[in-house]
Amino acid sequence: MKKLNCMKKWTALVVLFFGMTTAFSQEQPAPKNPFWSKVRFGGGLGLSFGNNYTDIMIAPGAVYEFNQYFSLGFGLQGSYVKQKNFFESYIYGASMIVLGHPIPEIQLSAELEQLRVNTTYEDNLGSFKDNFWNTGLFLGAGYRTNNVTFGLRYNVLHNNNRNVYSEAWMPFVRVYF
């Protein structure tokens, strides 16, 4: 009798298990998270070589599109720049960007960028290091077509004496997928 009750319990358990497995396998897949459907990834890559000169840059980024008019994003940047027998520089940091689209073809932007600059200069007398933080606040406007924007931005915090960039005005190309 005990064996029969035990057998009934195991049979019921197995039927219940396979029944639940079959029932759950018939469920529809969970819908995609709506947050990730509004995130666009992009950034920039740069590579240039010249007469004893090397410049390598990578800047991945992502923006979240709140609606068709407004986006907010964050990015990272790292670069290596060297002029043989003159200087070597490592630059890294982060940025935050706000994008506005008053109409689909126009993109307005405000970007806050914080970079750490570590530079070693070399000359006939030896070498010295110049390490500093560089803050940039760029206001820009561009023409947008699909995922690509071409434009011009201005660094309102530009300092001619101590800056990563030689000019306050900078052209840009942004791509977000």
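Is Y80 buried, partly exposed or exposed in this predicted model, and what is its relative accessibility? Y80 counts as partly exposed, at 21% relative accessibility. Buried would require a relative accessible area under 20%.

**View 1. Aromatic pairing of Y80 with Y90.** The model contains 11 aromatic pairs in total. In the pair formed by Y80 and Y90, the ring centres are 5.1 Å apart and the planes meet at 50°, so the arrangement is tilted. Strand β3 (residues 70-83) carries Y80, while strand β4 (residues 87-100) carries Y90, so the contact ties together parts that are 10 residues apart in sequence. Y90 is also partly exposed, with a relative accessible area of 43%.

**View 2. Aromatic pairing of F86 with F87.** The rings of F86 and F87 pair edge-to-face, with 5.4 Å from centre to centre and 85° between the planes. An angle over 60 degrees is what places a pair in the edge-to-face class. F86 is partly exposed, its relative accessible area being 44%. F87, in contrast, is buried, with a value of 17%.

**View 3. A cluster of aromatic rings.** F35, W36, Y64, F66 and F70 form a cluster. The links between these residues are ring pairs.

**View 4. R153 over the ring of F138.** The charged end of R153 is placed over the F138 ring. Its distance from the ring centre is 3.7 Å.

**View 5. R174 over the ring of F172.** The face of F172 has R174 lying over it. The distance to the ring centre is 4.0 Å.

Note on methods: Residues are numbered from 1 along each chain as its sequence is written. This is a predicted model: local features need pLDDT of at least 70, side-chain atom pairs count only at pLDDT 80 or more; totals for chains, interfaces and linings use all residues. Side-chain values use heavy atoms; hydrogens and water are left out. Rings of Phe, Tyr and Trp (its six-membered ring) pair if their centres lie within 6.5 Å; planes under 30 degrees apart count as stacked, over 60 as edge-to-face and the rest as tilted. Helices (H or I, at least four residues) and strands (E, at least two) are DSSP runs, numbered from the N terminus. Buried means under 20% relative accessible area, exposed over 50%, partly exposed in between (1.4 Å probe, protein chains only). A charge sits over a ring if NZ of Lys or CZ of Arg is within 6 Å of the ring centre and within 35 degrees of the ring normal.
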